[in-house]
Amino acid sequence: MAQNLICIVCPRGCHLTIDENKNVSGNSCPRGVNYAINEITCPKRILTSTVKLVSKSLARLPVITSEEIDKNIIFDVMKELNKVEVKAPIKMHEIIIKNVLNTGVNIISTREIIE
Ligand code: SF4
């Protein structure tokens, strides 16, 4: 049975249809084909969140995955983030968790915290 998806690769947001033979229609560029196939076989997402921070300026440090992770492990990664507490100073793009859950993906800071 065909599935309908909205491509999120760029702001154009093409309405895609993918059938059981992985034929994709509705895409305005080839990236939509890859997106639709990945989305029905192994959907992935970049995860943005925060971790506890000890500093004079902020209570939470914003973090992001260094690459996309499987959508079905996002809640498990969130649990790992809840266990973490870091102290200032923190550099921009500093690794906060290396190889989270053996995915090969790092959790990195998206903000510099001086103190
Ligand atoms: S199919 Fe191409 S043009 Fe359409 S939303 Fe996806 S990336 Fe953008």
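Strands β2 and β3 form a hairpin with five residues between them, and K22 in the turn has a positive phi of about 65 degrees. This is a predicted model, in which local features need pLDDT of at least 70 and side-chain atom pairs count only at pLDDT 80 or more, whereas totals for chains, interfaces and linings use all residues. Residues are numbered from 1 along each chain as its sequence is written.

- Strands here are DSSP runs of E with at least two residues, numbered from the N terminus, and two strands pair if DSSP finds at least two bridges between them.
- Strand β1 (residues 3-6) is joined to β2 by four bridges, and Q3 has I18 of β2 as its bridge partner.
- Strand β3 (residues 24-25) is joined to β2 by two bridges, and I18 has V24 as its bridge partner in β3.
- In a regular strand the side chains alternate between the two faces of the sheet.

**Nonpolar cores**

- A nonpolar core is a set of buried Ala, Val, Leu, Ile, Met, Phe, Trp, Tyr and Cys residues joined through C-beta atoms within 7 Å.
- The largest such core has 11 residues, among them V51, L53, V63, V100 and I107, and β5 (48-54) and β6 (60-65) are the elements that give two or more residues to this core.
- A second, separate core of seven residues includes C7, L16, I18 and A36.

**Ligand surroundings**

- The residues around the ligand are C7, V9, C10, R12, G13, C14, N27, S28, C29, R31, G32 and Y35, where a residue counts as near if its C-beta atom, placed from the backbone, lies within 6 Å.
- This shell divides into six nonpolar, four polar and two charged residues, with Ala, Val, Leu, Ile, Met, Phe, Trp, Tyr, Cys and Pro taken as nonpolar, Asp, Glu, Lys and Arg as charged, and the others, Gly among them, as polar.

**Domains**

- The protein chain is assigned domain 1 (3-41) and domain 2 (48-109), with bounds that come from an automatic or database domain assignment.
- The centres of domain 1 and domain 2, taken over C-alpha atoms, are separated by 30 Å.

Note on methods: Buried ≥ 20, exposed ≤ 12 C-beta atoms within 10 Å, placed from the backbone.
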